[in-house]
Amino acid sequence: MNEQSIKKKIVVKDTTKVFGKNVKRAVQLLKEGKSKSDILKATGATVGVKNVTFDVNDGEIFVIMGLSGSGKSTLVRMLNRLIDPTVGQILLDGEDIVQMSKEQLREVRRKKIGMVFQNFALFPHKTIVENTEYGLEIQGVPKDQRRIKAIESLKLVGLAGYEDQYPNQLSGGMQQRVGLARALANDPDILLMDEAFSALDPLIRKDMQNELLQLHSDMGKTFIFITHDLDEALRIGDRIALMKDGEIVQIGTPEEILMSPSNEYVERFVEDVDLAKVLTARHIMKKADTIQVDRGPRVALRLMKQLGISSIYVVDKSNRLMGAVTAQDAVAASETDKSLEDVIISNLPMITPDTVLTELFDVVSTASIPVAVISEDQKLLGIIIRGVLIGALSGDNQFINNDGIIEPADQTNSEVV
Amino acid sequence: MNELLPRLPFADWIDSGVDWLVSTFGSVLDGIADVLGGVVEGAVTVLDMVPSILLAIIFALLAYFISTRKIALFTLVGLLFIDYLGYWYPMLQMLALVLTSVFLAVVIGIPIGIWGSQKASVRKVVNPLLDLMQTMPAFVYLIPAIFFFNIGVVPGVVASVIFAMPPTIRLTMLGIEQVPKDLIEATEAFGSTTGQRLLKIQIPLAKPTIMAGVNQSIMLALSMVVIASMVGAPGLGEEVYRSVTQLKTGVGVETGVSIVIVAIILDRITQQAGTRKKKIGGKLS
């Protein structure tokens with residue numbers, strides 16, 4: 001992520017959209033710092049998007065979120081100029097699309113930017129496969145070639161076999177898959193998704209979100225996702241831009257938005273968010289005390305006494321988790337001259353760092369020792385301590401790791417366990 | 001009022017305008033008249049070469065494939081009934097006149113409708129003209145039409161075209177404008193040209209509405225046949241007109257009913273043509 005984030009896919013600079021008649025006067029008033037409602041009163045013009053500046057990194061999911069009327073749909077339509085900005089610059093791979101001719105713009109729309117719409121916008125008189133290949137059809141791709149790509153694209157969204165149906169024969173969720181397949185068939189760099197899942201019911205929406213994340217990690221395209229649903233934004237966004245009255249009030253990662261709202265509006269917006277669904281094990285894990293397996297039980301006992309804990313994690317030389325030893329077992333081992341390996345408890349509760357807190361409750365509540373957080377190659381990353389879990393849920397910042405820095409386990413907390 | 005303001009000689013102006021047109025474009029107008037007259041007469045000749053029973057069966061089959069079995073049966077019985085009454089040839093003359101007029105109304109009307117749907121400025125000119133064409137008493141078209149094209153079937157065709165064209169234009173514009181905005185956005189977002197947007201999305205989706213316009217145009221053209229017969233257009237209309245002048249109620253009813261039968265057949269067949277595509281789409285499920 002860090003290497004990629006250097007490359008900016010889209011850069012939007014001081015872009016404004018004014019709807020209505022006295023556009024010039026309205027822009028002038030905007031420069032003077034007048035508010036949206038003042039301008040409406042003075043000129044009758046509506047400010048849709050007000051002086052926004054942001055950039056989108058290559059390969060990220062950038063969510064633009066706001067309530068209805070906040071200008072998010074207008075903003076996303078300016079990115080492919082379905083709506084022309086009144087003033088401003090929109091650089092796509094360094095080229096200003098605002099200055100492009102009709103032909104250049106058409107080329108960008110055909111090759112670089114795909115779009116998925118809230119109400120699917122499928123063509124009712126075309127079959128699913130005809131819908132999917134539409135983008136290629138208008139580029140003049142030969143029929144058999146575009147059909148192959150369209151079928152591939154439909155397979156990608158799990159709709160193989162539906163090629164010859166008509167849109168009205170499909171459920172909403174399936175229709176939106178077609179919308180997605182249609183956008184993907186052109187193989188664009190950027191996918192604009194305007195409230196793409198808002199018309200779907202909650203369960204289907206969640207499935208689609210998961211599939212979108214899967215697609216995103218498979219294809220590495222840049223997604224710009226519009227939503228009014230904060231949970232959705234937090235779930236799928238690498239970064240989120242929060243809009244209000246045509247302005248961007250905060251841009252940041254989901255954690256930044258949740259943990260340090262930039263103003264009262266954002267704070268009010270995020271106060272009802274269920275932290276347990278957003279924070280993951282990575283955010284609350286603490287550094288674990290470990291002992292290498294080739295040390296004896298006596299060393300383990302001494303370490304536990306020093307730290308004031310009743311059990312300790314055992315790792316091999318490359319920090320791979322092997323299990324844990326309790327103080328009792330260590331005492332018994334040292335008396336009978338056994339090695340640590342003989343008394344190790346190996347069926348420990350283990351989780352991955354991406355597990356959200358809601359899925360942690362069960363494991364943490366039944367475990368007799370802190371739950372271990374391990375990486376894919378079995379390395380011990382940290383542990384989850386009950387007190388920290390509860391503290392994090394209450395929104396207390398001191399229990400949440402910022403930027404993945406793991407603090408050592410708190411002595412008092414580990415004693416409780 | 002008349003004492004305060006001088007009476008402007010509108011009528012004189014228009015008369016001299018028509019005279020000027022006739023004298024300037026006389027040969028062009030004669031050419032048009034020859035072509036139109038030839039087309040109508042040719043159509044009558046061709047239709048008349050087919051035996052009436054066979055033609056009735058052909059029309060019934062056409063109705064069966066486009067529309068329902070009920071309409072097909074009605075077509076067969078209705079046409080044979082007209083033949084039985086002895087109005088077969090006038091019916092063919094009327095049919096040729098109506099179909100020629102509608103063909104011209106559609107060929108001119110749909111492009112104007114498409115043009116109007118794309119440009120607000122065109123709409124601003126076309127809409128009031130359409131109002132004028134529809135509200136002006138149809139007889140008024142006949143007078144200059146006689147000057148331009150003499151007496152006979154041609155002024156009848158011209159007057160019918162003018163009278164029948166507005167619904168096709170209006171409903172073409174309406175149909176294209178009614179294509180949902182998000183579909184237009186989708187075509188734009190994928191980089192369609194204006195032509196691609198029109199041909200691949202807007203016109204196909206507007207087709208049922210456009211066909212409703214064509215259907216209306218056919219009905220209006222049919223309603224013109226009696227009026228057209230006043231300038232000498234032959235056909236069932238002529239029979240009706242004659243029965244009116246001679247106060248023959250029986251003949252009037254017979255010919256009137258014949259026109260109604262043809263009207264119903266044309267109406268049902270063209271109504272179905274507009275919705276046909278959807279039925280096929282549904283059947284695939």
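A surface patch here is built from residues with over 30% relative accessible area and no salt bridge, joining like charges within 9 Å and nonpolar side chains (Val, Leu, Ile, Met, Phe, Trp, Tyr) within 5 Å. Accessible areas come from the Shrake-Rupley method with a 1.4 Å probe, and for residues only the protein chains shown count as cover. A salt bridge is a side-chain nitrogen of Lys or Arg within 4 Å of a carboxyl oxygen of Asp or Glu.

This is a predicted model, in which local features need pLDDT of at least 70 and side-chain atom pairs count only at pLDDT 80 or more, while totals for chains, interfaces and linings use all residues. Residues are numbered from 1 along each chain as its sequence is written, chains are lettered from A and ligands numbered from 1 in the order in which they are written, and side-chain values use heavy atoms, leaving out hydrogens and water.

**Stop 1: chain B**

Select chain B and colour it by secondary structure. You will find 12 helices and 0 strands (DSSP runs numbered from the N terminus: helices are H or I with at least four residues, strands E with at least two). The C-alpha atoms of chain B fill a box of roughly 60 × 60 × 40 Å along the principal axes.

**Stop 2: a nonpolar patch**

Now pick Ile53(B), Ile57(B), Leu61(B), Tyr64(B), Phe65(B) and Leu80(B), a nonpolar surface patch with about 590 Å² of accessible area together. Helix H2 of chain B (residues 52–66) gives the most to this patch, 5 residues, and Tyr64(B) lies in that helix.

**Stop 3: where the chains meet**

Show both chains. Chain A brings 26 residues to the contact and chain B brings 20 (contact means heavy atoms within 4.5 Å). Together they bury about 2,000 Å², 62% of it on carbon and sulfur atoms; buried area is the accessible area (1.4 Å probe) that two parts lose on being put together, summed over both.

Zoom in on Arg77(A) and Glu185(B): their salt bridge has its closest N and O atoms 2.4 Å apart. On the side of chain B that touches chain A, H8(B) gives the most, with 7 residues.

**Stop 4: inside chain A**

Finally, select Asp55(A) and Arg239(A), whose side chains meet in a salt bridge (3.9 Å, N to O). Why look here? Asp55(A) sits in strand S2 (residues 46–57) and Arg239(A) in strand S9 (residues 239–244) of chain A, so the pair ties together parts 184 residues apart in sequence.
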